[in-house]
Amino acid sequence: MKITQVAATPGGALGNAVKEWDVVSAVGELPLRTFRQVLYLRFVTGGDADGLRIDSAQCRLQANFKAITQNAKSNTIPSLAATFTNGGPNTVRVEWDAPYQVRQVQLASSLNLGGSAALEFYRLDGAQVAEKPTVTAALGGADLLFVMENTAIALGTPQPGVARAVGRAAGGAGAQQVAIRQSRFAGNTATVPSDFTDARFALRLKDSAQASPNLRVDDLTSLSIRSYPTGPRLGLADPAQLAGGNPNAILFFDRLTGMVDTADAPGNLAAGATLAAALQRYIDDFFVALAAAKQADPTLATPAQIDVALVVESDTPCRVQIADFVVEYGLARHSFPTNAEKISLTFRSGAVASQSAPLHLSPLAHVTAATLRISPSLDDERPVSTGAGADPTTETLAQHTGLLLRIDRWAGQPVTPEQAFTVSGLFLGVMALANDTKVLVALHEDFQGQPTGKKLAETTITLAQSGRRLWQQVVWPAAVLLPAQPHWLLLKTLQGAALWLAREGQPPVRLFDVSPKGTVGAAVSVVAQQGLYSFLSAGAFAAGGQPTPPLTVTIGEHSTPAPVPAADGLTFDLTDALKLYLATATGSDHALTVTSGLAGLVTVYPPEIVYEVEG
């Protein structure tokens with residue numbers, strides 16, 4: 001599903017987003033005042049989804065920030081409108097609450113000005129007007145001339161309809177005249193030839209044709225000013241919180257620094273990737289809050305559409321040209337109809353059996369991706385003692401000490417099975433010392449009393465929560481036949497730190513350096529403790545190595561591919577099976593069928609389904 005249009009108000013009519021927008025609505029008070037434009041993105045849920053998935057690869061936002069030029073004399077934008085007062089004979093005071101660049105001044109055509117008339121711009125020191133003008137600009141068809149501080153300017157000969165400014169180089173009378181600029185002007189118009197920027201200044205009329213020129217406010221018909229984008233930024237917000245004035249409502253996700261739309265700092269911002277990430281966080285938080293609200297009020301429905309405020313801000317008024325805007329997303333369901341976090345299915349021994357888990361999905365859904373995670377605890381994966389291992393079904397973890405797992409050191413536990421058996425993984429007694437600690441677990445054959453024999457299995461586990469003792473399940477990528485001879489169980493961290501919980505016993509753990517290639521290096525020391533572990537047998541393999549009926553998942557008559565083993569269970573790809581099933585299905589209530597020929601418990605988690613609705 002695709003968004004290319006935005007609304008000007010929450011719930012309002014949609015229109016093309018690719019256009020120029022004014023960022024001029026003042027928010028807050030000085031010195032914290034900013035300027036804002038708000039556009040509203042609309043996500044259509046159909047009232048059935050419980051999540052959205054933003055396609056980051058197809059999300060585009062190209063924002064080009066530009067200066068804005070306005071008439072400060074008659075401006076409907078309050079932030080750009082100036083205050084004009086008569087400040088005495090031949091003096092008009094102009095004031096804003098922030099500095100702007102003055103571009104051009106036009107006087108009433110009724111003024112009868114001489115050919116050398118000019119406007120003088122004076123800085124203000126409090127209420128006092130400076131003694132000398134900072135800038136002087138010619139009016140009408142006269143030469144364009146300017147004076148910077150105390151620099152003298154000489155006039156050239158004007159051409160018909162053209163004003164030419166020439167400057168006299170320093171060096172006194174008779175210095176060579178140099179043409180500086182030539183421009184065409186309308187009558188009684190002065191264009192400021194240099195960067196004159198201020199929040200307060202005075203204007204005076206200089207006209208040799210009038211003995212006592214007297215400029216008044218009413219003589220000014222327009223005063224053109226320019227404001228450049230400063231610190232422009234993009235953010236997302238809940239429309240209700242934004243309307244309520246919550247100062248923390250906006251989550252800004254991309255920005256430019258300083259003043260932009262200049263030769264040194266162009267105002268172009270490509271924000272597709274950052275917009276996608278920010279939208280996904282916003283949408284995820286929205287549905288988490290909605291799920292909590294539904295628990296309190298089960299009659300609460302998912303809204304048919306969700307409006308999200310896209311906030312454009314700048315420290316000064318400006319414009320933004322949206323040159324490209326696309327947001328692609330899919331609807332998502334990742335919950336059971338009962339909102340249960342998981343469903344437990346119990347299988348009895350002695351026969352192949354099937355049980356179902358409910359699924360709610362519109363038959364109009366066009367599935368783009370779907371996965372199912374299950375965690376089996378069946379007879380084919382039971383803890384097996386090796387004589388030195390622990391039993392996670394009976395042993396409580398209460399240890400206060402353990403073996404510190406590090407990135408630069410292997411902890412090796414000698415393992416010698418009493419008889420040969422096939423293992424699909426193991427349990428480890430561990431405790432993370434930092435969140436999201438990654439631990440590398442390997443199983444090696446022994447070679448002359450060292451863990452340098454053939455690698456039989458290796459995988460990585462993640463310990464998400466620190467400070468928690470647990471029996472962590474480890475699943476090998478493939479089952480391993482473990483002969484009744486010496487082996488080594490090796491552990492080290494790849495990220496973070498952890499304790500391998502331990503107890504007194506023999507044989508003890510030995511510590512080894514990590515070689516430059518990441519393999520086992522030289523022995524370091526012996527620790528008079530055993531690391532807690534318990535292998536998992538692969539009982540699904542009977543004598544002769546032939547598998548018994550496996551665990552399968554179907555929907556209707558359509559089967560899913562073989563699962564992919566992971567540390568937290570098995571992952572089934574439902575995509576193709578769901579597509580085939582929905583092609584002929586009716587109604588919205590369906591069922592996933594789980595079949596097993598082994599006894600035990602299967603935990604089914606809500607499927608993750610991303611889809612679009614056709615029609």
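## Overall make-up

The chain of this predicted model contains three helices and 46 strands. Of its 615 residues, 48% are buried. Among the contacts in the chain with a separation of 6 or more, 75% are between residues 24 or more positions apart.

D207 is placed in the loop that runs between strand β17 (189–206) and strand β18 (220–227). Although D207 is buried, it has no salt bridge, and the nearest side chain of opposite charge, that of K206, is 10 Å away.

What does the side chain of D207 meet in the way of polar partners? A polar atom of this side chain lies 3.1 Å from the backbone nitrogen of A209, and the side chain also makes a polar contact, at 3.1 Å, with the side chain of Q210. When neighbours within four places in sequence are left aside, the residues in contact with D207 are N112, L113, G114, A117 and P213.

## Aromatic pairs and a cluster

The count of aromatic pairs in the model comes to nine. One of these is formed by F121 and F201, a tilted pair with 5.9 Å from centre to centre and 35 degrees between the planes. Because F121 belongs to strand β12 (residues 118–125) and F201 to strand β17, this pair ties together parts that are 80 residues apart in sequence. Both F121 and F201 are buried.

A further pair joins W488 and F512, whose ring centres are 5.7 Å apart and whose planes stand at 85 degrees, so the pair is edge-to-face. W488 lies in strand β34 (residues 487–495) and F512 in strand β36 (residues 509–514), and the pair therefore ties together parts that are 24 residues apart in sequence. Here, too, W488 and F512 are both buried.

Which residues share an aromatic cluster with F121 and F201? The cluster is formed by W96, Y100, F121, F196 and F201.

## Arginines over the ring of F252

Which charged ends sit over the ring of F252? The charged end of R233 sits over this ring, 5.7 Å from its centre, and the charged end of R255 likewise sits over the ring of F252, with 5.7 Å to the centre.

Terms used: Residues are numbered from 1 along each chain as its sequence is written. This is a predicted model: local features need pLDDT of at least 70, side-chain atom pairs count only at pLDDT 80 or more; totals for chains, interfaces and linings use all residues. Side-chain values use heavy atoms; hydrogens and water are left out. Helices (H or I, at least four residues) and strands (E, at least two) are DSSP runs, numbered from the N terminus. Buried means under 20% relative accessible area, exposed over 50%, partly exposed in between (1.4 Å probe, protein chains only). Lys and Arg count as positive and Asp and Glu as negative; His and the chain ends are not counted. A salt bridge is a side-chain nitrogen of Lys or Arg within 4 Å of a carboxyl oxygen of Asp or Glu. A polar contact is a pair of N or O atoms within 3.5 Å; within protein, one must be able to donate a hydrogen and the other to accept it, and residues adjacent in sequence count only if both atoms are side-chain atoms. Contact means heavy atoms within 4.5 Å. Rings of Phe, Tyr and Trp (its six-membered ring) pair if their centres lie within 6.5 Å; planes under 30 degrees apart count as stacked, over 60 as edge-to-face and the rest as tilted. A charge sits over a ring if NZ of Lys or CZ of Arg is within 6 Å of the ring centre and within 35 degrees of the ring normal.
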